[in-house]
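Hi,

Here is the structure I promised to pass on. Have a look at it first, and then read my notes below.

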Amino acid sequence: MVHRFPDSLKHLCCLLSLCLLTACSEAAEPVRPQKPPQSLELPLTGPQDTVIYNSAGRYSFLYAPAHRQARWVAYKLTRSDISAGAERSDNFRTDPLLAAFGWPSASNADYTNSGYDRGHLLPSADRTASAEENRATFLFSNIAPQLPRLNRGVWKNLEEELRRVCADFDTLYIVTGGVLPAPAAGMPAIGRGVTVPPLFFKAIVLRSGDSFQARAYVIPNGDESSLVPDFRHYEVTVDSVRRLTGIRLFPNVALEGDPASSGKPGAGKVFSGANKDTVSRAVSPADSTGGSGKVVADTVTASPGGAAAAPGQAPQPLPHKKSERRKLKR
């Protein structure tokens, strides 16, 4: 005797099989990095560079596997980014996007008893619209080793000032990272090879309509006793950061008075003053696009005790369009 299954049972079996196959295929689906949307904060990169976009945190980064950290992180900051109230995640973890390329990542173990903080490049407080968005800033692709007095002092002060300033502008375009010489061999490192950058930079373009202003800062990550909390002591030009890092910052923005934007040569501001912490480099220059991120041959004299401005000039505060600063939730 041949037993025939009712058509309804056949349909149910087919449906269950289809759901099982779909679930298996989704479970096996790897994390696929997204290309960043075209935006003014992105540096110019070369064909050999892989820029990754973190859609949850809305930031882009160029990773340096040999250093186990990002060469730079680029993002936008607006009023809406800091007006919400998502709590700080504090869940530091590896970035699954790095595994998609087979790249090594830093971990919590690398920082344990190292004497260095897990310093954010994109600050946690700049992404508070949702818990998911805030968690995205705690991936190790957005973290670099910073001395406690840097991370909790002048670096934090600069981040807080940018959040205050963004209330007076349409958008802030920000690129930040550690200065990472190439090759990584011979550089101080913690854990399993996480390079300790000798300097950190932050370059900002402040936009109001079709008007653009720029600020840039280079801050030492060395002798803590020489660090001062006032970030204005570490102000430089965007052009000097380009020359120091080899990163072609803001290629699509014409900045008034900026040599790289105007096509006119210029040295930019230099560090000066007493108690100098001189960092000299003589390494291979960046490629023609600046996308390689190699540090160009340069000498930077970090002067915590003196104003990082051109001779005869005092360090400038970040611009405010309004005479009275608005107080926003940090």
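One term before anything else: a residue is buried if its relative accessible area is under 20%, exposed if over 50%, and partly exposed in between, using a 1.4 Å probe and protein chains only. Some ground rules too: this is a predicted model, so to speak, with local features needing pLDDT of at least 70, side-chain atom pairs counting only at pLDDT 80 or more, and totals for chains, interfaces and linings using all residues. Residues are numbered from 1 along each chain as its sequence is written, and side-chain values use heavy atoms, with hydrogens and water left out.

**Overview**

The protein has 330 residues, and 48% of them are buried. Its secondary structure comes to seven helices and 13 strands; these are DSSP runs numbered from the N terminus, with helices being H or I over at least four residues and strands being E over at least two. For contacts, think heavy atoms within 4.5 Å. Among contacts with a separation of 6 or more, 71% are between residues 24 or more positions apart.

How confident is the predictor? pLDDT is its confidence in each residue, from 0 to 100. The average is 77, and 66% of the residues score at least 70. Over residues 18–29 the pLDDT is below 50, and that stretch has zero contacts in the model beyond near neighbours in sequence. Residues 322–330 also stay under 50, but there the model has 17 contacts beyond four places in sequence.

**The cores**

A nonpolar core here is a set of buried Ala, Val, Leu, Ile, Met, Phe, Trp, Tyr and Cys residues joined through side-chain atoms within 4.5 Å. The largest one holds 35 residues, and the members touching the most others are Tyr59, Phe61, Val73, Leu150 and Leu172. Elements giving two or more residues to this core include strand S2 (59–64), strand S3 (69–77), helix H5 (148–165) and strand S6 (171–178). H5 gives the most, with six residues.

**Helix H5**

H5 has 18 residues and reaches 25 Å from its first C-alpha to its last. That is close to the expected 26 Å, where the expected span is 1.5 Å times one less than the number of residues. Where is the kink in H5? A kink of about 40° is centred on Lys156, the bend at a residue being the angle between axes fitted to the seven residues ending there and the seven starting there. Of the 18 residues in H5, 13 are buried, so the helix is largely enclosed by the rest of the structure.

**Salt bridges**

I count a salt bridge when a side-chain nitrogen of Lys or Arg is within 4 Å of a carboxyl oxygen of Asp or Glu. The whole structure has twelve.

Two of them involve H5. Arg152 and Asp117 meet at 2.7 Å, N to O. Arg152 lies in H5 and Asp117 in strand S4 (residues 117–120), so this pair ties together parts 35 residues apart in sequence. Arg152 is exposed at 56% relative accessible area, whereas Asp117 is buried at 12%.

Asp126 and Arg163 meet at 2.8 Å, N to O. Asp126 sits in the loop between S4 and helix H4 (131–136) and Arg163 in H5, so parts 37 residues apart in sequence are tied together. Asp126 is buried at 2%, and Arg163 is buried at 7%.

Then there is Arg243 with Asp239, the closest N and O atoms being 3.6 Å apart. These two are four residues apart in helix H6 (residues 238–245), about one helical turn. Arg243 is partly exposed at 30%, while Asp239 is buried at 8%. Elsewhere, salt bridges that share partners join Arg58, Asp81, Arg127 and Glu133 into one network.

Pro104 lies in the loop between H2 and helix H3 (108–111) and is partly exposed at 29%. Pro104 touches Tyr63, Pro65, Arg68 and Leu98, not counting residues up to four places away in sequence.

Cheers

Note on methods: pLDDT is the predictor's confidence in each residue, from 0 to 100.
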